[in-house]
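Student: Can we go through this protein together? I'd like to start with the words I need.

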Amino acid sequence: ENGEQLYTVGGGSADEQREWGEEIEVRLPGVSWKVRAWPSASMLRQLRSRLPEVALMVGGSLCLLFVLTVHLAQMARIKSRHVELANQKLKNEIAERERAEQAVRDSQARLAGILEISPDAVISIDQEQRITLFNQGAERTFGYRSEEVLAQPLDMLIPERFRSVHRQHVQLFADAPLPTQRMCQRREVL
């Protein structure tokens, strides 16, 4: 004011202030001020920092990364729940199968117990005509222990004179249509 400097911002030498600065005269009623603005607008454009743009890009990238992370976490939670449900379903199916298998074993044990004490001879054979079951009634009837006949051909229990007839009967049975296959005739073994 009146040629005296009232206020200055620290920094920069007088030469730098002259080089970079811009002086403006501001006239108000009754007063005239000279304002030196430092640095000039052209200098500010040259010195312009990229920090706001970089900060915006980094912030946007972090925001996108956060959104993707949240989305992936939600998808992982959903997939995990599906896996948990499938796992529980498999556990239930395995438990049901184990109960069914145990029921079959129990039923087989009861049937085997019934067949074993039956006074009648009960013999079971496989497709190759080998003995797979030989109960106590069969042991009394044929005079063999179960251990002696299991896995042996059924022919060993059939008298020699009936073996060829028996083989023919088995072949006729195998060749017959399914609805007419019947082996319910009882014959006495001589």
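Tutor: Helices (H or I, at least four residues) and strands (E, at least two) are DSSP runs, numbered from the N terminus. With that, N135 sits in the loop between β4 (131-134) and α4 (136-142). Keep in mind that this is a predicted model: local features need pLDDT of at least 70, side-chain atom pairs count only at pLDDT 80 or more, and totals for chains, interfaces and linings use all residues. Residues are numbered from 1 along each chain as its sequence is written, and side-chain values use heavy atoms, with hydrogens and water left out.

Student: Okay. How many helices and strands are there in the protein?

Tutor: Six helices and four strands. From the N terminus, the order is α-β-β-α-α-β-β-α-α-α.

Student: Back to N135. Is it buried or exposed?

Tutor: N135 is buried, at 0% relative accessibility. Buried means under 20% relative accessible area, exposed means over 50%, and partly exposed is in between (1.4 Å probe, protein chains only).

Student: What does the side chain of N135 reach?

Tutor: Two backbone nitrogens. One belongs to V122, at 2.9 Å. The other belongs to A138, at 2.8 Å. A polar contact is a pair of N or O atoms within 3.5 Å; within protein, one must be able to donate a hydrogen and the other to accept it, and residues adjacent in sequence count only if both atoms are side-chain atoms.

Student: And which residues is N135 in contact with, leaving aside neighbours within four places in sequence?

Tutor: L115, E116, S118, D120, A121 and V122. Contact means heavy atoms within 4.5 Å.

Student: New topic. Which residues make up the largest nonpolar core?

Tutor: Seven residues: I131, F134, A138, V149, L154, L157 and I158. A nonpolar core is a set of buried Ala, Val, Leu, Ile, Met, Phe, Trp, Tyr and Cys residues joined through side-chain atoms within 4.5 Å. A138 is in that core, and the side chain of N135 reaches the backbone nitrogen of A138.

Student: What does I131 touch, beyond its neighbours within four places in sequence?

Tutor: Its contacts include I123, I125, V149, A151, L154 and L157.

Student: Where is A151?

Tutor: In the loop between α5 and α6. A151 touches R130 and I131, not counting residues up to four places away in sequence. A151 and I125 are 26 residues apart in sequence, but 8.6 Å apart in space, C-alpha to C-alpha.

Student: What is phi of A151?

Tutor: Near 75°, a positive value in a residue other than glycine. Most residues other than glycine have a negative phi. Q129 also has a positive phi, near 65°. Q129 is in the loop between β3 (123-125) and β4. At 23% relative accessibility, Q129 counts as partly exposed.

Student: Which residue does R99 form a salt bridge with?

Tutor: E96, with the closest N and O atoms 2.8 Å apart. R99 and E96 are three residues apart in helix α3, so about one helical turn separates them. E96 is partly exposed, at 43% relative accessible area.

Student: What about D155 and R167?

Tutor: Their side chains meet in a salt bridge, 2.7 Å from N to O. D155 lies in the loop between α5 (146-149) and α6 (160-175), and R167 in helix α6, so the pair ties together parts that are 12 residues apart in sequence. R167 counts as partly exposed, at 47%.

Student: Last one. What share of the protein's residues count as buried?

Tutor: Of the 190 residues, 9%. The accessible surface comes to about 16,300 Å², and 58% of that belongs to carbon and sulfur atoms. Accessible areas come from the Shrake-Rupley method with a 1.4 Å probe; for residues, only the protein chains shown count as cover.

Technical notes: A salt bridge is a side-chain nitrogen of Lys or Arg within 4 Å of a carboxyl oxygen of Asp or Glu.
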